[in-house]
Amino acid sequence: MIKIGVIGCGFIGSQICMAIDSGFIEAELTGIFDFSGEKVNSVLSELKNASPQKLNPEQLSEICDLIVECASQEAVLKYAPPILSNGCDLMILSAGALQNRDFYALLQKTALQHDCKVYIPSGAIAGTDGLKSAAVAGLNSVTVTTRKPVSGLIGSPYLLEKKIDLSQIKEPILLFEGKAADAVVAFPKNVNICATISLCGIGFEKTVVRIIADPNIHENIHELEVFGEFGHMKMTIENKPSPQNPKTSYLAALSTISMLKRITNPIQIGI
Ligand SMILES: NC(=O)C1=CN([C@@H]2O[C@H](COP(=O)(O)OP(=O)(O)OC[C@H]3O[C@@H](n4cnc5c(N)ncnc54)[C@H](OP(=O)(O)O)[C@@H]3O)[C@@H](O)[C@H]2O)C=CC1
Ligand SMILES: O=C([O-])CC(=O)C(=O)O
């Protein structure tokens with residue numbers, strides 16, 4: 001059975017642990033890690049079957065086949081190179097960290113050298129299958145419009161830097177319009193999906209991102225619009241935010257669980 005380690009015991013991490021513990025993902029939950037010992041203990045207290053060890057990322061990579069990062073972009077920058085250097089596969093949720101070209105190249109080189117893989121689930125967006133297929137023939141434009149309730153955006157570096165107070169807004173406001181490379185840095189906990197879309201499509205420099213704070217919605221709504229040789233694609237997804245972390249959509253955890261299920265299954269469906 002594949003041995004899995006989890007970095008980050010917040011919403012997504014705890015959902016993965018529960019999915020392995022229940023047997024929905026056929027794997028061994030070998031170890032877990034978080035800054036917060038309290039969050040690690042909270043996950044451990046929920047488990048009925050698995051008994052993962054509390055280990056740091058490097059220790060995890062010595063005994064696991066695959067580590068799932070569901071912590072932060074900083075965690076990816078710090079832990080991904082040593083994990084891959086230990087020959088351990090890595091699944092990345094905080095995909096915005098890959099906007100740094102040198103870092104992306106380093107991960108690719110390290111994974112090749114050590115014969116391991118980096119997986120990026122579709123996360124909180126849909127349409128990556130069609131986008132990847134469409135990209136083969138060439139794309140003219142890719143635009144992501146993200147609309148989130150105020151509770152899902154507060155605390156973002158962009159708002160703090162620009163001293164934008166969303167607490168009193170009554171109507172939707174366009175907070176950001178620009179390239180994906182800048183969006184994932186300005187809103188590191190909100191638009192990792194734009195990194196995934198950039199990697200599937202026309203890259204971080206050409207992918208256009210719009211971020212809207214909307215006080216009148218309760219969902220995290222993402223729209224993807226693509227033009228290319230294949231034709232035109234438009235996709236809208238209205239995600240329920242997770243109860244534990246309003247920045248994160250429930251679908252992001254489901255997508256990770258689905259990808260882990262796919263990896264652990266000998267029959268592969270879809271692209
Ligand atoms: N690709 C996608 O589609 C999506 C990606 N995401 C991203 O996935 C990640 C996980 O999301 P979610 O579970 O909701 O996040 P949570 O905030 O609920 O949980 C993350 C946990 O990881 C901890 N953590 C952060 N950095 C580190 C680190 N360097 N080392 C150890 N622990 C760390 C956090 O601690 P603390 O709270 O103290 O920081 C927290 O306990 C986030 O980066 C999020 O932005 C989310 C949704 C969609
Ligand atoms: O969960 C979402 O809706 C999107 C998100 O936070 C991210 O991409 O980082």
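Modeller: The following account goes from the shell to the contacts and then to one helix. The model is a predicted one. The residues around ligand 2 are Ala124, Lys148, the run Lys189, Asn190, Val191, Asn192 and Ile193, then Asn220 and His222, and finally Lys247, Thr248 and Ser249. By class, this shell holds three nonpolar, six polar and three charged residues.

Backbone atoms of several of these residues approach oxygen atoms of the ligand. A polar backbone atom of Asn192 is 2.9 Å from an oxygen atom of ligand 2. For Lys247, a backbone N or O atom lies 3.0 Å from a ligand oxygen, and for Lys189 the corresponding distance is 3.3 Å. Of the 270 Å² of accessible area that ligand 2 has on its own, the protein covers 94%. Two elements give two or more residues each to the shell: helix H9 (192–200) and strand S10 (220–228).

Eight of its nine residues are buried, so H9 is largely enclosed by the rest of the structure. The buried residues are Asn192, Ile193, Cys194, Ala195, Thr196, Ile197, Ser198 and Cys200.

As for the record, an unreviewed UniProt entry carries the annotation "domain: Aspartate dehydrogenase" for residues 169–257. In the model, that span is 31% helix and 35% strand, and its end C-alpha atoms lie 36 Å apart.

Definitions and conventions:
Residues are numbered from 1 along each chain as its sequence is written. Chains are lettered from A and ligands numbered from 1 in the order in which they are written. This is a predicted model: local features need pLDDT of at least 70, side-chain atom pairs count only at pLDDT 80 or more; totals for chains, interfaces and linings use all residues. Side-chain values use heavy atoms; hydrogens and water are left out. A residue is near a molecule or strand if one of its heavy atoms lies within 4 Å of it. A polar contact is a pair of N or O atoms within 3.5 Å; within protein, one must be able to donate a hydrogen and the other to accept it, and residues adjacent in sequence count only if both atoms are side-chain atoms. Accessible areas come from the Shrake-Rupley method with a 1.4 Å probe; for residues, only the protein chains shown count as cover. Helices (H or I, at least four residues) and strands (E, at least two) are DSSP runs, numbered from the N terminus. Ala, Val, Leu, Ile, Met, Phe, Trp, Tyr, Cys and Pro count as nonpolar, Asp, Glu, Lys and Arg as charged, and the others, Gly among them, as polar. Buried means under 20% relative accessible area, exposed over 50%, partly exposed in between (1.4 Å probe, protein chains only). UniProt positions are given in the numbering used here, feature names are shortened, and annotations may be inferred rather than shown by experiment.
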